[in-house]
Amino acid sequence: MKKILLACGSGVCTSTAAANKLKTELEKRGKAGMFTITQCKVAECVTKSEDYDLLVATTTVPNTVKCPYVMGLPFLTGIGIDKTVDKCIEILGI
């Protein structure tokens with residue numbers, strides 16, 4: 001089971017929208033049951049990232065995160081979403 005950490009400024013609004021879209025897109029590609037998504041504030045991502053396989057954030061994150069990072073804005077705008085989901089799948093190896 002791959003662990004995805006999804007961060008935004010407050011850990012609530014934008015991360016919820018992005019998490020729902022990421023989940024939907026991964027499931028459409030046959031990845032249901034292969035991942036979990038946990039939301040957090042961007043201020044928590046450095047500490048929490050060491051326990052995750054991938055960080056997706058809707059805002060800039062510190063360069064000290066401990067796992068691979070993908071910018072999550074496409075999950076909010078819809079622009080470039082396929083490429084971003086493909087990148088997530090590649091990093092996760094699922």
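Student: Which strands does helix α4 lie across?
Tutor: Helix α4 (residues 81-92) lies across β1, β3 and β4, and runs at about 175° to β4. Helices (H or I, at least four residues) and strands (E, at least two) are DSSP runs, numbered from the N terminus. Axes are lines fitted to C-alpha atoms, for helices over the stretch in contact, and angles run from 0 to 180 degrees between N-to-C directions.

Student: Is this an experimental model or a predicted one?
Tutor: It is a predicted model; local features need pLDDT of at least 70 and side-chain atom pairs pLDDT 80 or more, while totals for chains, interfaces and linings use all residues. Residues are numbered from 1 along each chain as its sequence is written, and side-chain values use heavy atoms, leaving out hydrogens and water.

Student: Back to α4. Which of its residues are buried?
Tutor: I81, T84, V85, C88, I89 and L92 are the buried ones; buried means under 20% relative accessible area, exposed over 50%, and partly exposed in between (1.4 Å probe, protein chains only).

Student: Why are they on the same side of α4?
Tutor: Because they cover an arc of only 140° around the axis, the arc being that of the directions from the helix axis to the C-beta atoms. On the other side of α4, K83 and E90 are exposed.

Student: What do the buried ones pack against?
Tutor: They pack against β1, α1, β3, β4 and α3 (74-77). Contact means heavy atoms within 4.5 Å.

Student: OK, the sheet. What is the strand order?
Tutor: The order is β2-β1-β3-β4, in an open sheet of four strands with parallel pairing. Two strands pair if DSSP finds at least two bridges between them. β2 (35-41) and β4 (69-71) are the edge strands, each pairing on one side only.

Student: And what does α1 touch there?
Tutor: Helix α1 (residues 13-28) packs on the sheet and touches β1, β2 and β3 (54-57). S15 is found in α1, and S15 is buried, with a relative accessible area of 0%. S15 touches L6, A7, C8 and Q39, not counting residues up to four places away in sequence.

Student: How many residues are in the largest nonpolar core?
Tutor: It has 17 residues, and those with the most contacts inside it include I4, L22 and L54. A nonpolar core is a set of buried Ala, Val, Leu, Ile, Met, Phe, Trp, Tyr and Cys residues joined through side-chain atoms within 4.5 Å.

Student: Which element gives the most to it?
Tutor: α4, with five residues.
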